[in-house]
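Here is a short tour of one protein model. Keep the sequence and the structure in view as you read.

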Amino acid sequence: MPLTRLVYVSRPNGERMRSDFVATCDAILLASRRNNEIAAVTGALIAAPRAFAQVLEGDREAVSETFARICRDERHERIEIMDMCEIDERRFGDWTMSFCDLAGIGDGLTRRYRHGRDFDPKALRPTPLLAFIEEA
């Protein structure tokens, strides 16, 4: 059965979420890891107070259902699919949901991928965004 990879970006929704960003990310990860294990979805999440970038991999139906749940989650706004394609193998197969806080990423990595003064995952094209997530 073919696998699907979906890459999307979004913005955290609301001041409350930005003010307690760490707790919000912990809650997202706890639910994601539990749900993804059941659905056999793997992936990675990069988070910053002003941006999320996420990769989901798995069966097309499971990835679509997972993404639909994310779209209904009020903690996200301005969700934009960057890429969705069939794949032969998973790049994040060891993780029900890998996580990296953008604040903990070295400046050298973000400098290589940013456009302008600030790093913004939404400004990247799908291939460099996926490469950035893998390196983080």
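## The largest cavity

β1 (3-12) and β3 each supply at least two residues of the lining of the largest cavity. Helices (H or I, at least four residues) and strands (E, at least two) are DSSP runs, numbered from the N terminus. The top contributor is β1, with 3 residues.

How much space lies in the largest cavity? About 30 Å³. The structure holds 1 cavity of 30 Å³ or more. On a 1 Å grid over the protein atoms alone, a cavity is a set of points where a 1.4 Å probe fits but cannot get out, while a pocket is an open set with protein on both sides within 12 Å along at least five of seven lines; lining residues have an atom within 4 Å of a point. Grid points are joined across faces, edges and corners, and a volume is the space filled by probe spheres set on the points.

## About the model

This is a predicted model: local features need pLDDT of at least 70, side-chain atom pairs count only at pLDDT 80 or more, and totals for chains, interfaces and linings use all residues. Residues are numbered from 1 along each chain as its sequence is written, and side-chain values use heavy atoms, with hydrogens and water left out.

## The second largest pocket

The second largest pocket holds about 180 Å³ of space. It is lined by 15 residues, and Ile28, Ser32, Arg69, Ile70 and Asp73 are the closest to its centre. Which elements each supply at least two residues of this lining? They are α2 (21-39), β3 (51-59) and α3 (60-72). The largest share, 5 residues, comes from α2. The lining has 6 nonpolar, 6 polar and 3 charged residues.

## Strand β2

Now look at β2 (residues 42-48). Of its 7 residues, 7 are buried, so the strand is largely enclosed by the rest of the structure. Buried means under 20% relative accessible area, exposed over 50%, partly exposed in between (1.4 Å probe, protein chains only). In a regular strand the side chains alternate between the two faces of the sheet. In β2, Thr42, Ala44, Ile46 and Ala48 point one way, and Gly43, Leu45 and Ala47 point the other way.

What are the partners of β2? Two strands pair if DSSP finds at least two bridges between them. β2 and β3 pair in the antiparallel sense over 7 bridges. Ile46 stands opposite Ala53 in β3. A hairpin of 2 residues joins β2 to β3. β2 also runs parallel to β5 (residues 98-101), with 4 bridges between them. There, Ala44 has Ser98 as its bridge partner.

## The whole chain

The protein has 5 helices and 5 strands. From the N terminus on, the order is β-α-α-β-β-α-β-β-α-α. The radius of gyration, taken over C-alpha atoms, is 14 Å, close to the 14 Å that the globule rule (2.2 Å times the number of residues to the power 0.38) gives for 136 residues, so the protein is as compact as a globular protein of that length.

The C-alpha atoms fill a box of roughly 45 × 30 × 25 Å along the principal axes. Of the 136 residues, 43% count as buried.

Notes:
Ala, Val, Leu, Ile, Met, Phe, Trp, Tyr, Cys and Pro count as nonpolar, Asp, Glu, Lys and Arg as charged, and the others, Gly among them, as polar.
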